[in-house]
Structure formats: C-alpha cells, structure tokens
Amino acid sequence: MKAPDFRYERPESLSAALALLADEANGAQPLAGGQSLMPMLNFRVAAPEMLVDLSGVAELRGISDSGDSIRIGAMTRYRDLAEWSDLEAKLPLVALALPHIAHHAIRNRGTIGGSISLADPAAEMPALMMALDAEITLTSADGERTVPASEFFLGFYETAREENELVTSVRVPAATSGQRSAFYELAPRHGDYAMAGVAMVADAASPITNLRAAFFGIAGQPIRLSVLEAALNGKAPDDEAAITVATAAFDEVDFIDDLKASAATRRHLAGVVLKRALAEL
Amino acid sequence: MTQTQSIQLTVNGEPVNASVPVRMNLVDFLRQELGLTGSHVGCEHGVCGACTIEVDGAPIRGCLMLAVQANGATVTTVEGLADTDRADALKAAFRDRNALQCGFCTPGMLTSALSYVESGGPADRTAIREHISGNYCRCTGYQAIVDAICDVIGKEAKS
Ligand SMILES: Cc1cc2nc3c(=O)[nH]c(=O)nc-3n(C[C@H](O)[C@H](O)[C@H](O)COP(=O)(O)OP(=O)(O)OC[C@H]3O[C@@H](n4cnc5c(N)ncnc54)[C@H](O)[C@@H]3O)c2cc1C
Ligand code: FES
Ligand code: FES
C-alpha cells in the first residue's frame, strides 16, 4: 500500500525540530532513516498528521571520540558507523554486529537513533547499548536528560522516551584494553531480524571476567540476566557444566511466542547463541 | 488536502524540477512522474529489493524514501546505468550466466551487485550472498547471479 497523507516538515535545527514536537496540535512524529517508519506508513499501522524529517538537523549527526567514551549522534547511519576508521578499535562489539543489521541498502539509510527509539525486540542496537552500558540522551523543548540503557528499554516497542522528546545521542564507553567482545545471532536469512541473539563483552575470556551479555529477539526488550552472568564469571567459556547452570536463568524470561518461533524454540536457540558466542569470546 | 512541495534533483545526469505530493515515495515518483519504469515495485515495505536505486552513489530502497527527501540528490536508476558503461560487464555476465529469468529483480540486483563490484568486494561467494541478501529473486536460485558477479570480479582482477 501507499503511505497515508501527512504534512511534511524538514527543520534545519534541533530547536526547530523540538518546537514542532512540543506542539501537540501538530500530531508530529520524527522521521529518521525511514527504514522502519516508511514500512509502517505503507502498512498504515502508523498515521501521523505530521512527519518531522530529522535529516536536515546537522547537530544530530556524527561521531565524536572523547577517549574513554564515544558520542554518537542519533542521525548517524549504520553506514557512517561502518565507515568510521576507529570502529574496530573503539567499539569492536558494534563492528561485529553491524553486518547482521538488515541489508546493505537499508544500512545506507537506517540510523542508530531510529533503531533505539523504535526498540524492536529483535533489533541489535538496543542489545548492544545494554551490553556496553551506554547512556541515551533525550532532549525536548524543556531540556535534556540522560537515561542508562538498562532503564531505557521497557518492553515491546516501549521505551522511556516521552512523545515530545527526541533521542539526540548515545554515549558508549570505549573498549578497554584486553576487553573481549562476541556476537552471535540466528535469523531465518542473513539480514532478517533474529529469532535469538546475544551481544557480550567481558574484561577477560578465560576465566570469564565481568561478563555483560545482552540477549535480543527472545523477549519484549533486550535483557541481561544477572544469574546467568554470575554463573559464567570465573569459568572457562567452554565449561559445559557452567553453561548448563547459566541457562537455568532462562526460567525468568518471558519468551516471545510467535509464528517465527515458539517460546520453547526460542529458549533452545538462546542457549545455542550463548554457547556459540562464548566460543568466540 | 495533500501537501505538495517542489524538488530539484538530478536523475540519470539530467536536472529535474517537479512538484510532488509529500506522501509519494521516490520509486513511484521515478516510475509515474518521470516514466522511468526500470525500477520495480514489489513489496513496498523494504523487503524485496526490487526498487533498489542509487541515491548519491549508494544503493537504497526507493520505496522507503520519500520523493521530497530526494531534493538536491543525485539519483541513478537502471536506465541511467544503461547510459554509461559502468554496468556493461555485469550486464554481459548476467546474460552469459543466465542470471535472470523473468527479470523482475534484475534492475535492483544489478544496482546492488554494482556497488559490490565497484567497492572492490572479493570474489567470495559468502560475501557476495551477504551483500545481495536484501534482493529477492524468485526465479534463479541466486547461484547464477553469484556466478555472474564472480565472473566480473575475476575478469577485473586479471585485466
Ligand atoms: C527488510 C528490512 C530488514 C531489517 N532488518 C533489521 C534487522 O535485522 N535488525 C534491525 O535492528 N533492524 C532491521 N531493520 C530496521 C532498520 O534497522 C531501521 O533502520 C531501524 O529500525 C530504524 O531506524 P531508522 O533510522 O530507519 O528510523 P525510522 O524508521 O525513521 O524511525 C523508526 C521509529 O523511531 C522514531 N524515531 C526515529 N528517530 C528518532 C529520534 N531521534 N528520536 C525519537 N524518535 C525517533 C520514529 O518516529 C519511528 O517511530 C530492517 C528493516 C527492513 C526494511
Ligand atoms: S518494493 Fe521496495 S523493497 Fe520491495
Ligand atoms: S529473475 Fe525473476 S525474480 Fe529474479
């Protein structure tokens, strides 16, 4: 189908964009890369009265490195991340995950801010933000606030963002020396949304030290399981007994049950991706 | 009332001025307003890749971009590729390898394949399959398409 009718605005500054969102009478919705919102419009599951195209807001784009952390503007595209020469050194986990996010043509337009704001349960970026302990900056006409990733993703397409706020940037701690990263996902086809996936970092691989493992595609939002992480810390990544103990933590997960995979299948696949990611740590 | 907006862009090397309804997507604009029906429309939600075109040198989904967003952009469609020799080797390889049957996917497939070849991608079947993973072909089974892309890379490597 075709998109329903709407008004279109393309502000050239953040303050102008925020003013359009602040006026409730506008019925405005931000448009970033459009790689999820355009399908939603064409399916008519979204019907905003106004689209506020953020592509003209220069303040929202770009990557700045302050040494121990990296600030990524919301309108930074997956493609810009992939082309950033320091990506592998500074954010190796992001480098591992990027090729799995959708397809080449979609990565040329999709943005990190769009993915985080949408909070698709199977999306990679939200899980990366959780594993990396990133902070998300939200801005409205009234001011700015920063929310840790662990408090931002609340459920199926649900976040801590208010309607008049924009995600303006994320701040991601840079990889420390010796830090290990691993990423594994199972999707029906390359580039499809995952049925189960995990993104992890640890200070050391053997024994596993300070593991942070964020699962995606298995529940309403990306999740870290403290019981699972505790069971693996101090163990070797191929310690089968420890992995068995760790996966008992899946008892607390409310697994997605849909046409793509049943809850039981997803639980099984979560164990598979965990094991395969640990082997790469 | 439908809002319209004027846009100026370059399509296949030619300057274009038009007034477009803001809800119109780019591939519909190219097909319906400019008569460039080489770009195809399959799913209209970003999944099939039939509408893949080049905007400012990079392949994108023509169904997931509004025509108004192409204001100031440089757009190349499969017709534009035919005007230059950029895709000649790929087109010949597609013919030699039977890499098309009905041809519905071919304009998008060529655009994706060309970006792979031009960016210096290796003749590695897995990497090629990953690169074209967003372009569906319901006829060929992909094998012949991957063969054709490998052929072009092999020839360029030799010459
Ligand atoms: C075929 C296909 C396959 C895909 N596969 C994957 C996949 O495997 N993994 C994956 O993660 N994604 C996948 N995607 C989605 C893609 O990654 C999107 O780019 C991403 O989810 C949204 O980013 P966007 O910039 O396109 O945002 P948009 O589509 O423009 O916006 C998405 C939502 O976020 C809101 N929004 C956008 N930016 C902001 C902001 N700065 N502040 C507040 N709200 C904002 C919009 O109003 C909208 O509700 C796929 C898409 C397609 C079409
Ligand atoms: S028509 Fe655009 S991807 Fe299918
Ligand atoms: S040749 Fe028919 S869809 Fe590819």
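In chain B of this predicted model, 53% of the 159 residues count as buried. The overall dimensions of the chain fit that of a globule: a compact globule of 159 residues would have a radius of gyration near 15 Å, and the 16 Å of chain B agrees with this. Taken along the principal axes, the box filled by its C-alpha atoms is roughly 55 × 30 × 20 Å. The accessible surface of chain B comes to about 6900 Å², and carbon and sulfur atoms contribute 48% of that area.

The secondary structure of chain B consists of six helices and five strands, arranged along the sequence in the pattern β-β-α-β-β-β-α-α-α-α-α.

**Enclosed and open spaces**

Rolling a probe the size of a water molecule over the atoms shows where empty space is left. Over the whole structure, such a search finds one cavity of 30 Å³ or more, and the volume of this largest cavity is about 30 Å³. Its lining draws on both chains, with His103(A), His104(A) and Ala105(A) on one side of the list and Arg61(B), Ser112(B), His131(B), Gly134(B) and Asn135(B) on the other. By class, one of the lining residues is nonpolar, six are polar and one is charged.

The second largest pocket holds about 730 Å³ of space. Of the 27 residues that line this pocket, Ala82(A), His104(A), Arg107(A), Ser119(B) and His131(B) lie nearest its centre. The elements that give two or more residues to the lining are, in chain A, helix H3 (78–83), helix H4 (87–90) and helix H6 (104–107), and, in chain B, strand E4 (58–61), helix H4 (106–118) and helix H5 (125–131). The lining of the pocket divides into eleven nonpolar, eight polar and eight charged residues. His104(A) and His131(B), named here among the residues nearest the pocket centre, are also part of the lining of the largest cavity.

**Backbone geometry**

Most residues other than glycine have a negative phi, and most peptide bonds are trans.

| Residue | Phi |
|---|---|
| Glu44(B) | about 60° |
| Tyr142(B) | near 70° |
| Asp133(A) | near 55° |

Glu44(B) is found in the loop between helix H1 (26–33) and strand E3 (52–55) of chain B, and, because its relative accessibility is 11%, against a cut-off of under 20%, Glu44(B) counts as buried. Tyr142(B) lies in another loop of chain B, between H5 and helix H6 (143–158).

In chain A, the peptide bond from Ser206(A) to Pro207(A) is cis, with an omega near -5°. Pro207(A) itself is placed in the loop between strand E13 (204–205) and strand E14 (208–209) of that chain.

**A buried helix in chain A**

Helix H8 of chain A, which spans residues 124–131, has eight of its eight residues buried, so it is largely enclosed by the rest of the structure. The residues concerned are Glu124(A), Met125(A), Pro126(A), Ala127(A), Leu128(A), Met129(A), Met130(A) and Ala131(A). Asp133(A), with its positive phi, follows H8(A).

Terms used
Residues numbered from 1 in each chain as written. Chains lettered and ligands numbered in written order. Predicted model: local features only at pLDDT ≥ 70, side-chain atom pairs only at ≥ 80, totals over all residues. Heavy atoms only, no water. 1 Å grid on protein atoms, 1.4 Å probe; cavity = no way out; pocket = protein on both sides within 12 Å on 5 of 7 lines; lining within 4 Å. Points joined across faces, edges and corners; volume = space filled by probe spheres on them. Nonpolar A, V, L, I, M, F, W, Y, C, P; charged D, E, K, R; others polar. Helix = DSSP H or I, 4+ residues; strand = E, 2+ residues; numbered from the N terminus. Rg over C-alpha atoms; globule rule 2.2 N^0.38 Å. Buried < 20%, exposed > 50% of the residue type's maximum accessible area, 1.4 Å probe, protein only. Areas by Shrake-Rupley, 256 points an atom, 1.4 Å probe, with all protein chains shown as cover.
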